[in-house]
Amino acid sequence: MSKALLFALFSSLLTASCVLIGQGIAAQLAERARRRKAIAANFILELGRATTPSELASSLKINSFQAQRLLSSMVDDYYFSLRYDRKAAEFQYGFTEKYERMKEDQLLSDSAIVPIYDPSDV
């Protein structure tokens with residue numbers, strides 16, 4: 001085999017390996033983000049009210065900036081929204097009335113299965 005052919009083969013194998021490694025890392029990061037969103041959503045559901053980034057940060061043991069970014073990434077204004085409380089002068093994140101009604105409808109149905117918030121469904 002010529003050196004050019006070996007070099008082409010080696011470089012294509014190296015490129016394919018880098019692509020596969022990159023895809024694996026991206027998949028792991030996406031899964032970690034999905035899990036964090038589910039944990040944050042379950043925290044808010046257990047709390048039973050809207051929450052602030054500082055409350056979530058202390059619960060998840062992350063800093064307030066990370067908590068704010070996490071909560072902001074969950075906002076879809078359909079099931080999950082951002083509200084500003086003028087009295088407390090802070091932003092609050094929580095589930096909307098549409099989500100609460102959907103949850104109540106599930107409780108009143110025969111199956112009585114309440115879905116856990118899954119950000120991948122949005």
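**The packing of the helices**

Author: Helix α1 passes α2 in a right-handed crossing; a crossing is right-handed if the near helix is turned clockwise from the far one by less than a right angle, and left-handed if anticlockwise. This is a predicted model, in which local features need pLDDT of at least 70 and side-chain atom pairs count only at pLDDT 80 or more, while totals for chains, interfaces and linings use all residues. Residues are numbered from 1 along each chain as its sequence is written, and side-chain values use heavy atoms, with hydrogens and water left out. Helices are DSSP runs (H or I, at least four residues), numbered from the N terminus.

Two packed helices are described by the angle between their axes and the distance between the axes. Axes are lines fitted to C-alpha atoms over the stretch in contact, and angles run from 0 to 180 degrees between N-to-C directions. Helix α1 covers residues 3–47 and packs on α2 at about 110°, with the axes 11 Å apart. The two are therefore roughly perpendicular to each other, a term for angles of 65 to 115 degrees. On the α1 side, Ile39, Ala40, Phe43 and Leu47 meet Glu55, Leu56, Ser59 and Leu60 of α2 (contact means heavy atoms within 4.5 Å). By class, this contact has 6 nonpolar, 1 polar and 1 charged residues; Ala, Val, Leu, Ile, Met, Phe, Trp, Tyr, Cys and Pro count as nonpolar, Asp, Glu, Lys and Arg as charged, and the others, Gly among them, as polar.

Helix α2 (residues 53–60) also packs on α3 (residues 64–74), at an angle of about 110° and with axes 8 Å apart. That makes α2 roughly perpendicular to α3. Their crossing is right-handed. Residues of α2 in this contact include Leu56 and Leu60, and those of α3 include Leu70 and Leu71. The contact divides into 7 nonpolar, 3 polar and no charged residues.

The axes of α1 and α3 come within 10 Å and cross at roughly 90°, which makes α1 roughly perpendicular to α3. Arg36, Lys37, Ala40, Ala41 and Ile44 of α1 touch Leu70, Leu71, Ser73 and Met74 of α3.

Among the residues lining the largest pocket are Arg36, Lys37, Leu70 and Ser73. The elements that give two or more residues to this lining are α1 and α3, and α1 gives the most, with 5 residues. The lining has 3 nonpolar, 2 polar and 4 charged residues. A pocket is an open set of points on a 1 Å grid over the protein atoms alone, where a 1.4 Å probe fits, with protein on both sides within 12 Å along at least five of seven lines; lining residues have an atom within 4 Å of a point.

Key
Angles under 35 degrees count as roughly parallel, over 145 as roughly antiparallel, 65 to 115 as roughly perpendicular and the rest as oblique.
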